[in-house]
Amino acid sequence: MFSEKLLLRLKHSSGLTVLTGAGISAESGVPTFRGKDGLWENRKVEELATINAFQKDPVQFWKFYNWRRNLLKDVKPNLGHYALVDLERIYPEFHLITQNVDGLHTTAGNKNVIELHGNIMRDKCSECGYLNTEINLELKEPPKCTKCDKLTRPDVVLFGENLNNSDLSKAQESSATCELFISIGTSSLVEPAASLPLSAKGNGAYLVEINPEDTPLTQFVDEQLKGKSSKILTQIVMILDRMR
Ligand code: OAD
């Protein structure tokens, strides 16, 4: 199933960088954004998760985010997440970049996680930036900041906003300097995350994609591992435990 070339890279690389998207959490029961189950009231994420939507209609905006938070509250990591904890143990230079805001990599036990799009289980004040982790899942109206009483929003990057500079720099640096890069469960449509695997490849990394579907990235990868992340990542860890 894995090529000889990939087995050699897995065995000898010191630096592994991984990028994950909603697909890695799909087997935990979290709907992906662009799958059939990802729509909310027949509306696309590009309409709902925007700074404009928050400013124009915070009530509707918060209904969507409250729904997503409630979906996540009892969700547990799956074997794919746990395999990435093993990979962090195995590789001396391991970087995990995620577009997911569900926090499941940290819950699984990964230490070094770059949450490129933030974390949905925190509120951030739209005025003073105060971060609050004591969130209310039974919202009756858009929540207000406990410090300055202005409207808060989830601490996620919305369409129309820039990513945190330091997180993005770390992600770019770890992509451009790794020997092996694995893109997992992402449709590779949203920038700047979508460019990270290409930067890795451009700088000499062996590029692997794990996804049951083809994506715009597929044509550029050195190896496509077509299937679900839990199964494929568990196999990779089993092989590595024998080899390294
Ligand atoms: P998408 O919903 O766009 O893509 C999910 C990908 O996961 C698809 O390519 C699926 O084929 C794949 N997939 C589904 N089940 C899988 C499984 N069991 N194993 C592996 N792959 C599987 O989600 P993202 O690419 O994460 O950003 O979306 C990127 C960003 O767009 C999100 O972070 C979010 C969204 O708008 C913001 O909100 C800023």
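**Reading the pockets and the sheet**

Modeller: Start with the residue classes around the largest pocket. Its lining has 18 nonpolar, 16 polar and eight charged residues. Keep in mind that this is a predicted model.

Colleague: What is the volume of the largest pocket, and which residues lie nearest its centre?

Modeller: The volume is about 930 Å³. The lining counts 42 residues. Nearest the centre are Ala-22, Thr-32, Phe-33, Arg-34 and Ser-187.

Colleague: Which helices supply at least two residues each to that lining?

Modeller: α2 (23–26) and α5 both do. Check the domains too. Domain 1 (4–29 + 76–117 + 162–243) and domain 2 (35–74 + 124–156) each give at least three residues to this lining.

Colleague: How much space lies in the second largest pocket, and how do its lining residues divide by class?

Modeller: About 210 Å³. Its lining has four nonpolar, four polar and seven charged residues. In total, 15 residues line it, with Lys-124, Asp-155, Val-157, Asn-162 and Asn-164 nearest the centre.

Colleague: Now the strands. What holds a sheet together?

Modeller: The general idea is that strands pair through backbone hydrogen bonds, either parallel or antiparallel. In this structure, three strands form an open sheet in the order β5-β4-β6, with antiparallel pairing. β5 and β6 stand at the edges with a single partner strand each, so one side of each has no neighbour in the sheet.

Colleague: How many bridges join β4 to β6, and how many join β4 to β5?

Modeller: Strand β4 (residues 118–125) pairs with strand β6 (residues 152–156) over five bridges. Gly-118 has Val-156 in β6 as its bridge partner. With strand β5 (residues 131–132), β4 makes two bridges. There, Lys-124 stands opposite Leu-131, and Asp-123 stands opposite Asn-132.

Colleague: Which helix packs on the sheet, and which strands does that helix touch?

Modeller: Helix α5 (residues 58–72) packs there, touching β4 and β6. Its direction makes about 140 degrees with that of β4.

Colleague: And the turn of the hairpin: how many residues lie between β4 and β5?

Modeller: Five residues lie between them. Look at Gly-129 in that turn: its phi is positive, about 80 degrees.

Colleague: What about side chains along a strand?

Modeller: In a regular strand, they alternate between the two faces of the sheet.

Key:
Residues numbered from 1 in each chain as written. Predicted model: local features only at pLDDT ≥ 70, side-chain atom pairs only at ≥ 80, totals over all residues. Heavy atoms only, no water. Pairing = 2+ DSSP bridges. Helix = DSSP H or I, 4+ residues; strand = E, 2+ residues; numbered from the N terminus. Contact = heavy atoms within 4.5 Å. Axes fitted to C-alpha atoms, helices over the stretch in contact; angles between N-to-C directions. 1 Å grid on protein atoms, 1.4 Å probe; cavity = no way out; pocket = protein on both sides within 12 Å on 5 of 7 lines; lining within 4 Å. Points joined across faces, edges and corners; volume = space filled by probe spheres on them. Nonpolar A, V, L, I, M, F, W, Y, C, P; charged D, E, K, R; others polar. Domains from an automatic or database assignment.
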